[in-house]
Amino acid sequence: MLANEEVAIGRSAVASSGPAFHALAHGELTGERATMKAWEDFVSGSRQENLPVRDVVIRSWARCQSFLVDARADAAPVVGADHVEALRRENRELLQAAATTLAEAADLLAGTRTVMLITDANGVVLEAAGDRATLNAARDISLGCGGHWSESCAGTNGIGTALASKTPVLVQAAEHYCAGIKGWSCAGAPIHDPLDGSVVGLLDISGLKQGFSAQALALAVVAARQVEWNLARQTEAEHVRLLEACLEDSQKYAGEGLIALDARGRLLYASRKAAHLLKASLGSDLPQLSRGTRLPIVGIADMASGKPAESHQSGGHLPVPADWVRPLMLDGERRGTLLVIPRAASCRLPAGRRAASDETDHARSRFGDIVGASDSLRAVIGQGERLAPLPVPILIEGETGVGKELFARAVHGHSTVASGPFIPFNCGAVSREMLGSELFGYVRGAFTGAAAEGRTGRFELADGGTLCLDEVGELPLDLQPYLLRVLEEGVLYRIGDSTPRRVSVRLLAMTNRNLRHEVAAGRFRRDLYHRLAVTALRVPPLRERQGDVPRLIAHFNDLLADRHGRDPVRFTAAALERLHRYDWPGNVRELRNLVERAVLLSTGGMVDVSDLPEELRDGCGGMAAEGWPLPGPPMPMPVSPDPSAMSLTVTEQRTIEDVIAATGGNLSDAAAVLGISRSTLYRKLSQHGIRREAIGKGMGAARA
C-alpha cells in the first residue's frame, strides 16, 4: 500500500498542473466533443489560436506538427526485439528499481481496466503490468514492450508529452494527436536520476477512456517517486562497492592522481592530487571536482560503460589518453572507470616510464615476462608453454604468493583462446550460499534477493575464453558435481532455469592446498580432481628458486621506486646475506612487500639489517605454507620471553601507528607498507580508535 505522505506528494503534483487541469477533471470545460473539434481545426489549419484546449496539449500538438507526425496514425511504431533486449540491458538498474512497484501494480490494477508501464528516457516501453484484458487490448496500439511513444513517433500522449515537458502530464482521450489513439487516456510521470536529476525513464498509467480516472496522475507521480527512491538506494549501494574497489586498487598507484567514475561517467572520488595533475596535464581550468558531477572529458561516459568514445566538437571537452583509463570491476563486469593520472604534467607518460600493470597489460599474459632464471622456474615455464595451446584443463598448484595467477594469465595468453576473455574468480571470496549463483548465474526470481533481471555467471562471462578458478579447494562438496557436469558436457543451467546453455570455456584451476590429500580426506571429489588435473603445473616456492632472489629484488626495486616517485634503494652486503638465507614463507609476494617497504621507509637510500623486518633481523627462517612442508628440519620460531607482555591487539595497534607515523600520515603509503588495502586500514583505524591527526601531532611533539 502507498503511504499517506506519498499520496500527498501525488496530489501536490496534480495541483501544480493548474486550474485548467481541475476544470478538465471535473468536466467544467466544454468536454471531449469540443476538444475533438479543436483538434480537427488545428490539424486542418483552419484555426490554431485561442483553442479551448489546455496549454500543455496545444504546445504538444504544435511540436507534433513540426515533427510531421501523421495525425491519422492508429498505433505507435515498434522497435525490434533485439533492440528492446539491448535497451533492457542498458536500463537494468531502472527496471530493478521498478520491479517492486510493477509487482504491486499487477495486483493493484487488476480489474481496473488500466495498466502501468516503464519506459526508457526516449519513450520506448521496457516493461508493462496491470489488468490482463487491458494489456491485451493495448497491443492493438503498440502500448507494450517495444512500443516507441516519444512525441516525434506517436504524437501527443502521456509518455512522450511528459518526457518532452519533463513534468507529470495527463492526456485524456481526444487530446491525443493521433486519431487511432484517442480511445485511450494516459498519465505519465518522469523518473529522475537520484544524483543529477536528469530524466532516466518514465512511469505511465494508461487505460481505455471509459472509466479512466484523472486521479491516475497522482498514482503515477507517487509510483514514479517510489521508483526514484529505490533507484537512489541501488545507486548508493553500487557506489559504495565501486569506492571499495577503487581503494583496493589505489595502493598500486601511490603518487598518482586518481579519479573514480561510475558507469555513467559521474564522479565518485578524486584524490587531492587529481585536480592539480589534471590542470597541469590538460592545460585547462576545470570545474570543482564534486561528487556526482560529470567531467567535461571526451567520451568519458562511453569509456566507463565500455562503449566506443563519441566525438565532441565543443571546445568545452578535453581528451583523455587511453593509458590513463582502468576498468572498475564488480562481479566480473565493468561498472565504472578509474582514471590514473601520471605525476608528470603531460598527457603522455614520460620516456622510460612504465605504466602500472592492470587487467589489460599484455605483459601479464606472457611467459617471457615472468622474472627468474632458476632451473626450477624455467622448467615449469617450459611445461606451461607446451601445455598452453592444448584444449585441456590445467591445475596450477603452489603455496600462497608464488605467482600462480601470473602462470594462469600466461597460459591464457599463449592459448588458442587468447583473444577471448580471461575471467578470474576466487572460490574462497564469496559465501557458500552464493557460490552457485556466481559460477552459473541465475534467472529472475530464482531466490529471495535475486536481481530482477537475473545475472550472468562466470562460466558464461568466460565463454570463448578462459575461466580461472582460484582456491578451487574451497568448493563445497555439494557444488562439485555441477562443476564436473559443466566440464564434461559443456552445458550449464542457471539457477532457477530449465533452459540449457552451451559454453566453451578453457578452465584453469589454482590451489594452495594439496588436493590429493583433500581427496584422501573426503573433502574433494576424486572424479573432479582427475578432471581438473588432466595436466598440472606446480609453481616452485621462492626458497627452491636458486639465484632468483637478487633478480626479483632488482626488478621490484626499479618498479616500485618508479611507481612511488622515489629513487631505488641499495641493500648492504649484510642485509642481502639475510635475504638470501631467509626461507620466504610468503614467497614472491612477501619479497615484493619487503622491497616496497624499503623504498617507502628508507632514509639515505641505504637498507641495512636494522631496517629489515624483525623476522629477518632475528635470522628466523620462516614457516612454509600449510600442506607444502619445507625440506629438512623446520627452523625454530623465536619465543617471546614474556608472552603476556603484549597482546596481539596492542601489537597490531602499535605497528599501525608506527607505520602511519613513518609515512607522514599518508594512508596509501601506510597500507602498502602493511600489505593491506586502504579499506582494511580504515577499518583497523576505527577498530583501534586510532586518529591519524593525533599520530601526526605526536610526531611533531617528539621532533620538537
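A crossing of two helices counts as left-handed if the near helix is turned anticlockwise from the far one by less than a right angle, and as right-handed if clockwise. By that rule, α20 and α22 cross in a right-handed way. Helices here are DSSP runs of H or I with at least four residues, strands are E runs of at least two, and both are numbered from the N terminus.

Before going on, note that this is a predicted model, where local features need pLDDT of at least 70, side-chain atom pairs count only at pLDDT 80 or more, and totals for chains, interfaces and linings use all residues. Residues are numbered from 1 along each chain as its sequence is written, and side-chain values use heavy atoms, leaving out hydrogens and water.

Back to the helix pair: the axes of α20 (residues 548-564) and α22 (residues 587-601) come within 9 Å and cross at roughly 50 degrees. Axes are lines fitted to C-alpha atoms, for helices over the stretch in contact, with angles running from 0 to 180 degrees between N-to-C directions. The two helices are therefore oblique to each other, the class left over once under 35 degrees is roughly parallel, over 145 roughly antiparallel and 65 to 115 roughly perpendicular.

Now for the strands. An open sheet of 5 strands is ordered β2-β1-β5-β4-β3, with antiparallel pairing; two strands pair if DSSP finds at least two bridges between them. At the edges sit β2 (125-130) and β3 (169-171), each pairing on one side only. From one strand to the next, the twist averages 20 degrees. Within the sheet, antiparallel strands β4 (residues 184-192) and β5 (residues 199-208) are joined by 9 bridges.
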